[in-house]
Every structure is written in structure tokens, then in C-alpha cells.
Amino acid sequence: MVIKNVNLEIVCGITSVLPTNIHPEVAFAGKSNVGKSSLINGLMNRKAYARTSSQPGKTQTINYYMINEDVYFVDLPGYGYATAAVSVKEKWGKMIEKYLQTSEMLKGVFLLLDIRHDPSTNDKNMYEWILHNGFKPIIIATKMDKLNRSQVAKHVKAIRTGLNAGSDTIIIPYSAVTKQGRDEIWATIESLIS
Ligand code: GTP
Ligand code: MG
């Protein structure tokens, strides 16, 4: 995909009404700090258009990035952000639930997990929730540059086992540093929206 233009077009907070879009959407979910905004930058060929941070809890709104007037990338707030107040976490959980349940143009959901770690309870719940809403989650195993190449397959297997995901579930290792995995993710997006 040649990126002609990108635009942060819609930003939704906890009290916002979600937009009714006419363009297809793909969404990026996952624990806080896992690399959702970094992945979106990598896919858009932008260094820092989506704001990222080494501190978890950076993205606290649902951000819709319009790509080439073709597709929205939807950057979701991370879950499991430990220091957020319980009431805030609940509201965000509800907002993400509502997003997955009601977005009529949503074509696919990417679930990001850190390749180094086994899935957490939150990760497993999110995986099940995506399935429950009728989507086949596509797993992105982020931060693959933190592993030796020889360790990648073993960690991908551990993620598959931890999520109880079948062999038909796609798991794509990705690095925001080297951009390894980018083309495969774009190919997946194109197949989802075509
Ligand atoms: P929230 O907005 O808090 O939910 O986080 P996020 O999932 O959007 O994570 P973000 O993209 O802000 O990245 C969090 C931190 O991880 C930043 O310091 C990034 O530079 C770093 N990071 C993200 N992806 C990678 C990667 O593939 N490799 C390495 N080494 N660091 C990464
Ligand atoms: Mg973010």
C-alpha cells in the first residue's frame, strides 16, 4: 500500500458517541504499552503521527486515522493500565466493548501481545471477546526485536497455546524498530477491506 495521506480524523472520549462511518475500519487492541500506536505509525510510514510513550496509558481516546481516504485505523486505549482508577478502567472497558459491538464498518480486529510474554488474563478475555463479537482476531506479536531470531517461533507457539487459539489463527511477529512483519500486516489489512 502506498501511503498518500494520513489524517487523525475522529477522536472519541469516554462520553463520545461513536461515529457512523462509510469507510471500512480495522482496529488495534491490546494491553497498555504493547505498541499499538507504534504499529499504526509503522503501517502509515510516519515516525510519530500517532502519539507513543514509554509510560503506559498514553492513548486514552479512540483515535480514527483515515488512510488515503480508503480505510480507518482505529487506535484503541490499552487495557491493564495498572495505575488507572478502577472506575476509569471500567468505563474504558465498556467503551471498547461498545466499539466492537456497534461499529458496522469494522472489518477486522488486530490484538497485540508482547512477543516476550505469555498472554495475561486480560489478553485472553480480549481474545474471547473479539471472537464473541464475530471477528477472527489477528494476533500481532510485538517487539520481536527484543528476542533473538531463534527464539521467535517458540514464543509464537507459547502465545498460541496461552490463548487457546487454533492453527487457523494468524500470528504475525512485528517490530516497530526494524518494521519486520509490516508487509504481512498490510497484506492482511488489504484482504480484510477488499
Ligand atoms: P497505550 O497508548 O498506553 O495503550 O500504549 P501503546 O500500545 O499505544 O504503546 P506505544 O506504541 O505507545 O509503545 C509503548 C512503548 O513501547 C514505547 O516506548 C515504544 O517505543 C515501545 N515499542 C513499541 N513497539 C516496539 C517494538 O516493536 N520494539 C521495541 N523495542 N519497542 C517498541
Ligand atoms: Mg497508544
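A residue is termed buried here if 20 or more other C-beta atoms lie within 10 Å of its own. By that criterion, in this predicted model, strand β4 (residues 71-75) is largely enclosed by the rest of the structure, because five of its five residues are buried. Burial extends to both faces of β4: Val71, Phe73 and Asp75 lie on one side, and Tyr72 and Val74 on the other.

The neighbouring strands may be considered next. Strand β2 (residues 25-30) pairs with β4 in the parallel sense over four bridges, and Glu25 stands opposite Tyr72 of β4. Strand β3 runs antiparallel to β4 and is joined to it by five bridges; in this pairing, Met66 stands opposite Tyr72. The two strands β3 and β4 form a hairpin with three residues between them, and Asn68 in the turn has a positive phi of about 55°.

Beyond its neighbours within four places in sequence, Ile140 is in contact with Leu39, Phe110, Leu112, Ile172, Tyr174 and Ile185. In soluble globular proteins, nonpolar side chains tend to be buried together.

Two loop residues complete the account. Asn45, in the loop between α1 (36-44) and β3 (62-67), has a positive phi of about 60° although it is not a glycine. Asn164, in the loop between α4 (152-163) and β7 (171-173), likewise has a positive phi, near 60°. Asn45 counts as partly exposed because it has 13 C-beta neighbours inside 10 Å, whereas Asn164, with 11, counts as exposed.

Methods: Residues are numbered from 1 along each chain as its sequence is written. Chains are lettered from A and ligands numbered from 1 in the order in which they are written. This is a predicted model: local features need pLDDT of at least 70, side-chain atom pairs count only at pLDDT 80 or more; totals for chains, interfaces and linings use all residues. Two residues are in contact if their C-beta atoms, placed from the backbone, lie within 7 Å. A residue is buried if 20 or more other C-beta atoms lie within 10 Å of its own, exposed if 12 or fewer, and partly exposed in between; C-beta atoms are placed from the backbone. Two strands pair if DSSP finds at least two bridges between them.
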